[in-house]
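Thank you all for coming.

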Amino acid sequence: MNNSRRQFLGQLGLATAGLGFVSIDTLIGAPTAAAPAGKFSFDISLAEFSFASELFSGKMTNMDFPARAKNDYDITILEYVSGFFNNKHKDQAYLSELKKRCDDLGMKNHLIMVDGENLTALDNAARMKAVEAHYPWVDAAKFLGCTSIRVNLGDAMAMMSGKKEEGTPAQLATAAVDGYGKLLEYAGKAGLNVIVENHFGVSTDPDWLVGVMKQLKAPNKGLLPDFGNFCAERSKPETLDIKGFMATKCVKEHDKYDGVRKMMPYARGISAKTHQFDANGNDPETDFIKIFKIIKDSGWNNGIVGIEYEGGLMRDMGGDTTKPTNDEGIRQTKALLEKVLEELG
């Protein structure tokens with residue numbers, strides 16, 4: 001493998017950015033929680049990928065994340081990204097230090113977004129290797145007190161390079177039921193959810209995702225609807241790196257409002273992705289009131305909505321100075337979510 005491809009694969013894992021055995025119904029992020037009639041509410045978490053450009057450049061580390069969230073934004077619920085652990089997720093001393101920092105600050109570790117080997121690989125051996133590669137992340141999430149890990153179903157490399165994903169949707173669904181199902185079994189023993197985000201390739205199709213969910217009976221399965229990840233096909237990147245990918249354009253997209261509606265029966269959280277804002281502080285790509293009305297009408301309530309601002313990465317690594325900085329984007333997304341609570345709560 002040449003250096004440019006190795007570097008791209010390393011960046012790719014980032015761009016796709018202790019509980020005992022307890023009843024799944026007690027875990028934060030269950031599909032629907034009881035709430036007073038007419039009262040719609042949710043807690044706000046912060047996704048670590050919102051700081052992607054700072055983490056890529058070394059201006060910030062995974063260890064800095066809890067304090068940044070608490071001190072700068074008064075957010076106490078965290079969503080980590082696996083790549084920013086720098087392969088230290090099996091290092092007990094590292095995990096203990098991270099947990100101590102969170103405990104000292106009064107933080108809640110909610111989930112780890114795990115990007116890695118392909119759980120839908122058509123080759124049986126490759127798929128099982130991918131399943132087992134996720135086991136240490138389940139263990140790390142359990143130790144840190146998370147409720148879930150987020151995984152991908154699909155071939156990230158194919159999507160990022162502009163190639164067609166190997167296999168038909170039906171073949172990939174069969175592989176997903178097997179690979180994801182085996183991981184659900186392992187995580188279930190630890191009392192953790194394993195939730196799937198609409199992210200790339202076939203997983204951008206909400207009907208495909210729902211079809212997979214219907215074939216699995218595990219109580220710890222679920223989905224993480226992401227407002228910004230319904231793009232079914234992107235233009236081919238000019239360079240195999242983050243900058244090249246950030247410059248690609250979506251050429252085919254599923255309807256996000258219909259997609260979220262279809263995913264909500266299985267939702268264990270929401271990823272409120274943003275890239276930019278208009279003069280009134282609204283997101284020109286997503287009508288937050290419209291999409292949260294769909295979420296509210298689904299019966300989902302009292303869960304967790306994660307801020308995932310990507311515009312800063314586009315600004316810092318793609319040179320798009322029209323996008324707000326990481327700090328500005330996180331604050332504006334939080335303000336949008338507070339507006340939703342005020343209008344729909």
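Predicted model: local features only at pLDDT ≥ 70, side-chain atom pairs only at ≥ 80, totals over all residues.

**Strands, a helix and some rings**

Strands β5 and β6 pair with one another in the parallel sense, over two bridges, and within that pairing Val196 stands opposite Leu223 of β6.

How many residues of strand β5 are buried? Five of the five, across residues 193-197, and the strand is therefore largely enclosed by the rest of the structure.

Let me turn to helix α10, residues 256-263, where the buried residues are Lys256, Tyr257, Gly259, Val260 and Met263. They cover an arc of only 160° around the axis, so they sit on the same side of α10. As for what they pack against, the buried residues of α10 meet α8 (206-214), β6 (223-224) and α11 (288-297), and β6, you will recall, is the strand that pairs with β5.

Two details around Tyr257 deserve a moment. At the start of α10, a side-chain oxygen of Asp255 comes to within 3.1 Å of the backbone nitrogen of Tyr257, while over the ring of Tyr257 sits the charged end of Lys290, 4.2 Å from the ring centre.

That brings me to the aromatic rings, where the count, taking centres within 6.5 Å as the rule for a pair, comes to 15 aromatic pairs. In one of them, Tyr135 and Tyr186 have ring centres 3.9 Å apart and planes at 15°, and because planes under 30 degrees apart count as stacked, this pair is stacked. Tyr135 belongs to helix α5 (residues 124-144) and Tyr186 to helix α7 (residues 169-189), so the pair ties together parts that are 51 residues apart in sequence. Is Tyr186 buried, exposed or partly exposed? With a relative accessible area of 26%, Tyr186 is partly exposed.

Finally, there is an aromatic cluster formed by Phe51, Phe65, Tyr73, Tyr80, Phe85, Tyr94 and Trp137. I will stop there and take questions.

Terms used: Residues numbered from 1 in each chain as written. Heavy atoms only, no water. Phe/Tyr/Trp six-rings, centres within 6.5 Å; stacked < 30°, edge-to-face > 60°. Helix = DSSP H or I, 4+ residues; strand = E, 2+ residues; numbered from the N terminus. Buried < 20%, exposed > 50% of the residue type's maximum accessible area, 1.4 Å probe, protein only. Lys NZ or Arg CZ within 6 Å of the ring centre and 35° of its normal. Arc of directions from axis to C-beta. Contact = heavy atoms within 4.5 Å. Polar contact = N/O pair within 3.5 Å; in protein donor to acceptor, adjacent residues only side chain to side chain. Pairing = 2+ DSSP bridges.
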